[in-house]
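User: I'm new to this one and would like to learn how to read it. Could you walk me through it, feature by feature?

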Amino acid sequence: MGSGAGDSGWAERRPVLFPFLLSLICPALSEQIRYRIPEELPEGSVVGNLAKDLGLGVRELPTRKLRISSEKPYFTVSAERGELLVSGRLDREQICGKKAACALEFEAVAENPLNFYHVNVEIEDINDHAPKFMQNSFELQISESTKPEARFILGSAHDADIGTNSLQNYQLSPSDHFLLGIKEKLDGSKYPELVLKMPLDREKQKSYHLTLTALDCGDPPLSSTAQIQVIVTDANDNPPVFSQELYKVGLPENVFPGTTVLQVMATDQDEGLNAEITFSFTEAAQITQFDLNSTTGEITVQNALDFEEVKEYSMVLEARDGGGMIAQCTVEIDVLDVNDNVPEVIFQSLPGLIMEDTNLGTYIASLKIGDKDSGHNGEVICKLEGDVPFKLLTSSRNRYKLVTDGVLDREQTPQYNVTITATDRGKPPLSSSTTITLHIGDVNDNAPVFEQASYVVHVAENNPPGASIAQVSASDPDLGPNGRVSYSIVASDLEPRALWSYVSVSAQSGVVLAQRAFDHEQLRAFELTLQARDQGSPALSANVSLRVLVGDRNDNAPRVLYPALAPDGSALFDTVPRAAQPGYLVTKVVAVDADSGHNAWLSYHVLQASEPGLFSLGLRTGEVRTARALGDRDTARQRLLVAVRDGGQPPLSATATLLLVFADSLQEALPDLSDHPAPSDPQAELQFYLVVALALISVLFLLAVILAVALRLRRSSSPTTWGCFQPGLCVKSGPAVPPNYSEGTLPYSYNLCVAHTGKTEFNFLKCNEQLNSGQDILCGDSSGALFPLCNSSESTSHQVSFL
């Protein structure tokens, strides 16, 4: 028996790095970085300092993210020192089989910038496998008539190691009749032959027991043994003879099982049983791809062939005749490659999100193309399908970069389905496609857009505070905060301090709220500038104008300007000539309404009259005219209660009391004024009190307005402004000036001066020009004079002077 297998004792690492590295200015090394290590190194063993060999400093490692790109994780890179470490079992025999050179090629990837480095780690064999025979014992039947120098092939041993660690020699135990011969096959493997040194004599010795030892040349050497039993048989003078010592054939890898490969031929010159030949494989247990017909010698395909796994087969056939004599030949089958493997597209890095403002040429992903076929069948062309804003750039051998080649717009295309097709150069060519989905990230590149270019809303006055008067809406196609819109007021034609007391806007909904009740008479329209702003960084915004038109409501009753009450609250009177003819203009009721439109369209109606048929009242003009001549039975003093109504719904009204005295002179009218009027009915008195109360309120208002105007005019020091208040014209004891009304139904202003002194004296203003809309209504005809009512207890001397 031979010595058993021992430990290989490899504990030493021997890294070898090519001394010539390219300059660091190159984006990737064109030469491979090579290391050499023994197999079966424990996990965590250091292969070499990869970062140092690549010219990378330790401080660069966190940013460069040096890592290994490999299909099988045999190695890894230390993140702290950049050392290449063993991460899996390295069994050379399992990885490379019987190849003379065993190397693992992979790529090291460094980012920022992205570089690829080719690394080659050569795995050295250690003597961890002893030679091993397929059988522990062999039996040979040799005829006693066999001549010396006859050779008999013995079962060979197999050693998974290579080089000096593989099977190197055979030894045979000492024998007088046999010696050992060693031959090599075409593939370099050795097999033993038993050589007969001298003739055998069955009568002297029927069998021989020999020991065959297989040895390798490892350190220490390993060996195994097999027992040989030689049985001497009776004479069979002629062994079988093959037509060829070597049969060689080529076979495409895509042949179907059952296909005939070849047929071996052997002859035997003997006759009878000694001439019957049977064929067999010497190592039948290892041959699973082919089947041999023991009678005909026909070899057929038993299982599918694969060029990418095994490229050639070498088999030894044995022909044995009926007498036990054998002959051997070698059959070598070369497997021919066909284009039966489609290319593969493997993505090694994919981004989670691509921002839509990415520049042209930005790196997106890396991919690797593989084809297991060889030659033209393994050459691959890669291209992008469809119209997409990306392109492929060749990075290194069978490796590509996917980069941007167009403008990205998430609002138009939120994602792209990128299809990459790899096609080989085989005949016919094979191709495969891989589709990936690239999602586009949002940036704030769209400003909000309002639904309308401008907004106009109508709001009726006296609206409730807090009510919604309008809503603006803007859309932003961006996502998240970039598309979240808030609203605000940025400008207005109102005063800044007054703006917030009028309106506000909801930042979230864009609803415009009224903060107070609007008054059409004070503010008929105003304009706001609203802004919609998104939450992006930097934020984008858009402005829109909102015009608010305040509509009128009938919320103001008509206001009687004439006839007005005296400063002491008493009613004034007008004189009418006794000889006045029908249609004579007695006076005119003047009223205004602060509303507008139909709400300010005034009509005049007589509510009460002392003599109903004596006077007529203009429905729209308010002019009081005599309807007939004064009769003998008509009293000189007449009283008219006039109602002024507007056109609103519901209508509002005001009343005015006219005291008319028929007299040709003032002295004639005074006695009538001193007489106490007959008591009227309660309803008339109530109306009279209401009119008096309204008159008092109006007088107080007029006095406040007059005081404010007087103070402003005094400051301006304009002498013409005080024309109505000169001593010669009006006495200061009781001025009452109604306000200017330039809106509503009265398109002109009345300036009214009334004076009352301690003496019963009436001063009339003298007008030098024709009466127009801007002059005092008391100037002109004496019939339109305004008198205060006098008490009989006052001085009896009455003087009327005309200026």
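User: Let's start with a single residue. Is Glu122 buried, exposed or partly exposed, and why?

Analyst: Keep in mind that this is a predicted model. The general idea is to look at relative accessible area: under 20% is buried, over 50% is exposed, and partly exposed lies in between. Glu122 has a relative accessible area of 29%, so Glu122 is partly exposed.

User: Which residue does the side chain of Glu122 meet in a salt bridge?

Analyst: For a salt bridge, you look for a side-chain nitrogen of Lys or Arg within 4 Å of a carboxyl oxygen of Asp or Glu. Here the partner is Arg36, with 3.3 Å from N to O. The two sit in distant parts of the chain, 86 residues apart: Glu122 belongs to strand E7 (residues 115–124), and Arg36 to strand E1 (residues 33–38). Arg36 is partly exposed too, at 29% relative accessibility.

User: Which residues are linked with Glu122 in a network of salt bridges?

Analyst: Arg36 and Glu124 join Glu122 in that network.

User: How many salt bridges does the structure hold?

Analyst: There are 16. One of them brings together the side chains of Glu411 and Arg410, at 3.2 Å from N to O. Try the cut-offs on that pair: Arg410 comes out at 8% relative accessibility, so Arg410 counts as buried. Glu411, at 24%, counts as partly exposed.

User: What about Asp634 and Arg628: what is the N to O distance in their salt bridge?

Analyst: That one is 2.8 Å. Asp634 has 13% relative accessibility, which puts Asp634 among the buried residues, while Arg628 is partly exposed with 31%.

User: Now for the whole protein. What share of the residues counts as buried?

Analyst: You apply the residue test along the whole chain. Of 803 residues, 42% count as buried. As for the surface, the protein exposes about 42100 Å², and carbon and sulfur atoms supply 51% of that area.

User: And how many helices and strands are there?

Analyst: The protein has six helices and 53 strands.

User: One last thing: how do I read the contacts along the sequence?

Analyst: The idea is to ask how far apart in sequence the contacting residues lie. Take the contacts between residues at least 6 apart: 67% of them join residues at least 24 apart.

Note on methods:
Residues are numbered from 1 along each chain as its sequence is written. This is a predicted model: local features need pLDDT of at least 70, side-chain atom pairs count only at pLDDT 80 or more; totals for chains, interfaces and linings use all residues. Side-chain values use heavy atoms; hydrogens and water are left out. Helices (H or I, at least four residues) and strands (E, at least two) are DSSP runs, numbered from the N terminus. Buried means under 20% relative accessible area, exposed over 50%, partly exposed in between (1.4 Å probe, protein chains only). Contact means heavy atoms within 4.5 Å. Accessible areas come from the Shrake-Rupley method with a 1.4 Å probe; for residues, only the protein chains shown count as cover.
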